[in-house]
Amino acid sequence: MDADVIVIGAGLAGLQCARRLESRGHRVTVLEAGDAVGGRVRTDEIDGFRCDRGFQVLNPAYPTLRRWTDLSALGLQSFGVGARVTTQSDASVLAHPLRHPELLLSTVRSEHLQVSDVLALVRWIGPALLSEAAASRPSRDRALRASFDAAGFTGPLRRNLMDTFLAGVMVDSSGEKSADYARMLVRWFALGAPGLPEKGMQALPEQMASNLAEPVRLRSPARELHETADGVTVTTDGAALRARLAVVAVGPEHVADLTALPAPVTHGLTTWWFRAPEPPGGGTFLTVDASGPGGGPAGPVWNTAVVSEAAPSYAPRGEHLVQATTLLDQPTGLADEAAVRRDLERIYRTSARRWELLTHHVVPHTLPGQPPPLRRHREQRINDRTLIAGDHLDQGSIEGAMASGDRAARTASSLLAGVRRG
């Protein structure tokens, strides 16, 4: 045998699975088709700027992240906890009162905040803030839109902030994703201060991979996976590797390539990265647009941020980095550069003619679909010697990916122990 376990895919799920298996004394080989670890968590360095592939943040409130990652070594740079909301006539910040007490008065006075809305939001999220278990209630889960309506959460705070903010976070503007999924995300945003590692989001998977006894085998796509009488055989370009077990931890779009399972439904986005000579405003807060009829975006941009204000390491000294996100489930999801620039000029109320487009990333499989009911901790054993891991088996987030990889490792370790006893 070449290894006890072959892990196919060096995204967060695959790396966490490999680390957990090694911590239990198993020999692990990780195969990765790409030229670097990270899967969907990658960072491009362009002219001294760090541009993540898809706007992502690292939330220190994630339980698996806290347990298995050296957050201090990543040098996390935090965004403001809250959001800046723009309308046709104004822009205001709604901030977490405990983390930004200096903004308490302006937040309370905001036109987007009504007492009835706040009480309805508390009804919707309240129990989930007390415990993670209360955030997920599969028997009572429903679509996000319907759950907001049932809680009486129908005012400007929902229309102008929450609908748009959650659409960007969950990469779905339909309001049909699981309400329990949304509750878990809101819970973590309330408990943590999301930010960006000093060296970009890719620093997270690189740290995870650096702990492995055997380096990840890059540019090694798994072409075929077969079970044998005493294990599995994985065929790569020019080699056939044997192990007792295999864990398929590829992106959701490739699940059907190696298993008999269908590819999970996914949603995608496009992220645009601009170099700006001057910061356009907004500070360290994410900006969402509420200029459309009845609230919500008036153009293709669903959220935007001056990333270099929150994470100075993302731009050279004296320069500024602006990101803008559009959703692929919209007719404007593949908006061209000119349309995005016009929208950013409207949102920031400044000219973007001198802004330089550094790059843009179309990420069609950003997150799994996850309709209600939210099904976490799903079965990860495909058959006798093959398991599967990924956020599509838990909930779409860094936490979901790492937790799924961790569970797959524990299951694989139990199976290996049974084989040895037998």
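Author: Leaving aside neighbours within four places in sequence, Val7 is in contact with Gly14, Cys17, Ala18, Leu21, Val28, Thr29, Val30, Leu31, Val247 and Ala249; contact here denotes heavy atoms within 4.5 Å. The model is a predicted one, in which local features need pLDDT of at least 70 and side-chain atom pairs count only at pLDDT 80 or more, while totals for chains, interfaces and linings use all residues. Residues are numbered from 1 along each chain as its sequence is written, and side-chain values use heavy atoms, with hydrogens and water left out.

Val7 is among the residues with the most contacts inside the largest nonpolar core, together with Trp124, Leu166, Val307, Leu321 and Ile398; this core has 89 residues. A nonpolar core is a set of buried Ala, Val, Leu, Ile, Met, Phe, Trp, Tyr and Cys residues joined through side-chain atoms within 4.5 Å. Buried means under 20% relative accessible area, exposed means over 50%, and partly exposed lies in between (1.4 Å probe, protein chains only). Helix H14 gives the most to this core, with 8 residues. Another core, of 17 residues, lies apart from it and includes Ile6, Ala222, Ala243 and Val255.

Helices and strands are DSSP runs numbered from the N terminus, helices being H or I with at least four residues and strands E with at least two. Helix H14 spans residues 398-421 and contains Gly418. Gly418 counts as partly exposed because its relative accessibility is 31%. Between the C-alpha atoms of Gly418 and Arg84 there are 54 Å in space, and the two residues are 334 apart in sequence.

Two packed helices are described by the angle between their axes and the distance between the axes. For helix H5 (residues 115-130) and helix H9 (residues 179-191), the angle is about 65 degrees and the axes are 9 Å apart. Axes are lines fitted to C-alpha atoms, for helices over the stretch in contact, and angles run from 0 to 180 degrees between N-to-C directions. Trp124, Ile125, Ala128, Leu129 and Leu130 of H5 meet Ala179, Ala182, Arg183, Val186, Arg187 and Ala190 of H9. By class, this contact has 9 nonpolar, no polar and 2 charged residues; Ala, Val, Leu, Ile, Met, Phe, Trp, Tyr, Cys and Pro count as nonpolar, Asp, Glu, Lys and Arg as charged, and the others, Gly among them, as polar.

Val171 lies in the loop between helix H8 (156-170) and H9. Its phi is near 55 degrees, a positive value in a residue other than glycine. Val171 counts as buried because its relative accessible area is 2%. Arg219 also has a positive phi, of about 55 degrees, although it is not a glycine; Arg219 lies in the loop between H10 and strand E9 (224-227). Since its relative accessibility is 58%, Arg219 counts as exposed. Helix H10 (residues 203-210) is mostly covered, with 6 of its 8 residues buried.

There is also an open sheet of 7 strands, in the order E7-E6-E13-E14-E15-E12-E16, with mixed pairing. Two strands pair if DSSP finds at least two bridges between them. The edge strands, each pairing on one side only, are E7 (91-95) and E16. H8 packs on this sheet, touching E6 (82-86), E7, E13, E14, E15 and E16, and its direction makes about 115 degrees with that of E13.

Within the sheet, strand E14 (residues 303-306) has both faces covered: Asn303 and Ala305 on one side, and Thr304 and Val306 on the other, are all buried. E14 pairs in the antiparallel sense with E13 (residues 286-289) over 2 bridges, and Val288 stands opposite Asn303. E14 pairs in the antiparallel sense with E15 (residues 320-327) too, over 4 bridges; there, Ala324 is the bridge partner of Thr304.
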